[in-house]
Structure formats: structure tokens, C-alpha cells
Amino acid sequence: MSKSQDEVPDEVENQFILRLPLEHACTVRNLVHSQSVKMKDKLKIDLLPDRRHAVVEVEDVPLAAKLVDLPCVIESLRTLDKKTFYKTADISQMLVCTTDGDTHPSPEESAASADPNITRKKERGREKKYVWQHGITPPLKNVRKKRFRKTQKKVPDVKEMEKSSLPEYIESPDVEKEVRRLLRSDAEAISTRWEVVAEDGTKEIESQGSIPGFVISSGMSSHKQGHTSSVMEIQKQIDKKEKKLHEIQNKAQRQKDLIMKVENLTLKNHFHSVLEHLEIQEKKKNEKLISLQEQLQRFLKK
């Protein structure tokens, strides 16, 4: 057996927030600041089998507690010199203690049903009871309702859709239906009309064509038309690639500036890895740009 198999795996640190009534919170805070060995005897947390309820004892005073899910994940940090901070865990739950609550869950919650559908419904309803609606600070009260909008599943009326050709607000399922309708109408079309407008606003190409499978009618020859449209398409791609390449170069320069300013070794390593990734992207974009420019030159020589 190898040495790695003999070693005991490192224990992952799990953290949660303990919220107590004011008088008990002051007592626990004083115990933590005193760094007394007797703290284990004065503060006890016993988690019940349902993993959602607990009994917290503060100086032999029992408190009913409920483990709730926070709206989002909170990072906890540690520091020794108040300059460098180290992340220790992600906190997603909070143990809320009350003096007037029951220290044991109701028998209805622990009772199980033989029907799997009923069990799943009860489980979903039970989980909703342990969803905390607020943040951990006063400004974040009812933060789930204020900032986390539910996806509306109501389908708009067909008559209302016909009255307005472009609705002001469409939910994502209706967007997909609208795209399918437009694709169907494009497939049923007999002929199409299109034009290419230059940057100065003048129309360079104006043509009438048809859907593949129908007769094409155009004012200019198909060869010239295809050649001009290909040149315009390649030029558009070159403009996009140049713009993207310029953005990547600006990002890389910002990373270089940050590396020169930052003294923290961890941050420097992170910025170096981001810079390497940007340099790889820049190289690929540059190769594609050169290839497109060569392709454009070949078209122009024809």
C-alpha cells in the first residue's frame, strides 16, 4: 500500500452563522473574546437527526434552533495582521436560535408516506420552510423578493400578440416560439430582397433574389454578385477580428500594469495566469486576422 493511501485525508472545514437572541449573543461574544477553555462546557450545539433543527445551550439555557439556507453564498476570511486575508470557507447556512420555539420538530415533519409523489411534494414544501428570505444585514431584508425575480411562465394571449407585432416584453419561452414562427415564415417565402449599405450611407449593392430552390432574378450577373458579397463579408469579419484583438490587447496591458503594482504573491500569480490566457487568445486572433487578410487579397486580385 502506498504512502498516500495510508495518510488520513484532510478534514474540510465547514462553517455556518450562529444567530442568537441579543442577551445570549453578548454572552457568547464575551466567551469568545475571553478565549476560555470552559467555553466547550458553556456553549453546546446538538443537531437533531432531521439536520434542520438543533438545541443550543448557552450557560445551561436551552434554545430552539433552526438551520436555514441563506439567499447566497458568503465567504469567510481570516487575517493575522489585518492586511492579508485568507479565505477559509463558503457559508450558505445560518442557525437561528429562539427562546420561545419548540426544541423538537413536529411529528408531522418526521412522518414518512408510502406514496413517492406525496413524499416529494412534502419534501419540496419542507425545504421551502427553511429558505431564509433576508440577508444578514438590515438593508437586505426581503432580499429574495426584491432582487431575485421569478421567471414568469404565463403565455401571452394570441390576440394581443397579433395586435402588436413587436411586444415590449416577452419571456424566454415565448421568444423561442417567436423565433420558430419567423423561421417558418422565412421557409414559406417565395422571394427576398436585400441590400448592402456602406459606412457612408450609400447603397453599394441592391438586389432581389429568391429562396434556394426557386428561380433567382437579379439585375447583375450571379458571378459578380457573389464575388462582391464575398468581399464585403470578409471585410466585415476582418473589422470584427481587429476590434476583438484590440480589446484583448487592452486587457493584457491592464494585467501587466496590475502585476507591476501588486505586491501580494498570490494575486501576482493569478494575474500572470490571466495574462498568459490573454496572450494565447491574442495569438489565435492574430492568426485568424492574417488568414482573412490574405483571403481578401486573393479575392481582390480576381
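**The sheet and its surroundings**

A: This is a predicted model, and it has an open sheet of 5 strands in the order β1-β5-β4-β3-β2, with mixed pairing.

Q: Which are the edge strands?
A: They are β1 and β2 (43-47), each of which pairs on one side only.

Q: And how are neighbouring strands of this sheet turned against each other?
A: By 40 degrees on average, with direction ignored.

Q: How many bridges join β2 to β3?
A: There are 5 bridges, and β2 and β3 (residues 53-58) run antiparallel. Within that pair, Leu43 stands opposite Val58 in β3.

Q: What lies across β2, β3 and β4?
A: Helix α2 (residues 22-34) does, and it runs at about 65 degrees to β3.

Q: Switching to cysteines: how many disulfides does the structure hold?
A: The count is 0.

Q: Is Cys97 buried or exposed?
A: Cys97 is buried, because its relative accessibility is 5% and the cut-off for buried is under 20%. Cys26 is partly exposed, with a relative accessible area of 34%.

Q: OK, confidence. What does the chain average?
A: The average pLDDT is 75, and 67% of the residues score at least 70.

Q: Where is confidence lowest, and where highest?
A: Helix α4 (residues 107-110) is lowest, at a mean of 47, while strand β1 (residues 17-19) is highest, at 93.

Q: What about residues 163-170?
A: There the pLDDT stays under 50, and the model has 4 contacts beyond four places in sequence for them. Residues 204-221 are also below 50, with 34 contacts beyond near neighbours in sequence. Where pLDDT is low, the predicted coordinates should not be read in detail.

Definitions and conventions. Residues numbered from 1 in each chain as written. Predicted model: local features only at pLDDT ≥ 70, side-chain atom pairs only at ≥ 80, totals over all residues. Heavy atoms only, no water. pLDDT = per-residue confidence, 0-100. Helix = DSSP H or I, 4+ residues; strand = E, 2+ residues; numbered from the N terminus. Contact = heavy atoms within 4.5 Å. Disulfide = S-S within 2.5 Å. Buried < 20%, exposed > 50% of the residue type's maximum accessible area, 1.4 Å probe, protein only. Pairing = 2+ DSSP bridges. Axes fitted to C-alpha atoms, helices over the stretch in contact; angles between N-to-C directions.
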